[in-house]
Amino acid sequence: MYVIRLPNGNLLVPESATARGGRVVSDAYVEIGPADADYERLAGDALTEEEMDERRKHWREGDDRLRRQFLDYLARGGQSSEVT
């Protein structure tokens, strides 16, 4: 999860909720503003929503290439196309 800079200047910061035994129950985002003590530290690495969308797009494109390679592998009966 990444820190995301919102158009209003606030940040969406990842935060985990844990159960009593320390097990992670859920991951969520919390919005913080410039008055928050951690704002300056987190703002330096924050991505805009547009940058996050671009990263997601690249990940999906990478997933498509990997999926095509895997389907090609299955079509060959699970045999590698590389010569050893």
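Me: What relative accessibility does D38 have in this model?
Reply: The model is a predicted one, in which local features need pLDDT of at least 70 and side-chain atom pairs count only at pLDDT 80 or more, while totals for chains, interfaces and linings use all residues. Residues are numbered from 1 along each chain as its sequence is written, and side-chain values use heavy atoms, with hydrogens and water left out. Buried means under 20% relative accessible area, exposed means over 50%, and partly exposed lies in between (1.4 Å probe, protein chains only). D38 counts as partly exposed, its relative accessibility being 36%.

Me: Which residue meets D38 in a salt bridge?
Reply: A salt bridge is defined as a side-chain nitrogen of Lys or Arg within 4 Å of a carboxyl oxygen of Asp or Glu. The partner of D38 is placed with its N 3.4 Å from the O, and this partner is exposed, with a relative accessible area of 58%. The residue whose side chain meets that of D38 is R41.

Me: How many residues apart in helix 2 are R56 and D53?
Reply: Helices (H or I, at least four residues) and strands (E, at least two) are DSSP runs, numbered from the N terminus. R56 forms a salt bridge with D53, with 2.9 Å between the closest N and O atoms; R56 is partly exposed at 34% relative accessibility, and D53 is partly exposed at 45%. An α-helix has 3.6 residues a turn, so residues three or four places apart point the same way. R56 and D53 are separated by about one helical turn, since their spacing in helix 2 is three residues.

Me: How far apart are N and O in the salt bridge of R76 and D72?
Reply: R76 counts as partly exposed at 29% relative accessibility, and D72 is likewise partly exposed, with a relative accessible area of 41%. By the rule applied here the count comes to three salt bridges. In the one where the side chains of R76 and D72 meet, the N to O distance is 2.2 Å.

Me: Which residue with a positive phi follows helix 2?
Reply: The phi of this residue is positive, near 75°. The residue that follows helix 2 with this value is G77.

Me: What is the area of the nonpolar surface patch made by M1, Y2, Y29 and W59?
Reply: Patches are made of residues with over 30% relative accessible area and no salt bridge, like charges being joined within 9 Å and nonpolar side chains (Val, Leu, Ile, Met, Phe, Trp, Tyr) within 5 Å. Y29, in strand 3 (residues 24–32), is partly exposed, with a relative accessible area of 33%. Together with M1, Y2 and W59, Y29 makes a nonpolar surface patch of about 410 Å².

Me: How far apart are the C-alpha atoms of L42 and L12?
Reply: L42 is found in helix 1 (residues 39–43) and counts as buried, because its relative accessibility is 14%. L42 and L12 are 30 residues apart along the chain. The separation of their C-alpha atoms is 9.7 Å.

Terms used: Accessible areas come from the Shrake-Rupley method with a 1.4 Å probe; for residues, only the protein chains shown count as cover.
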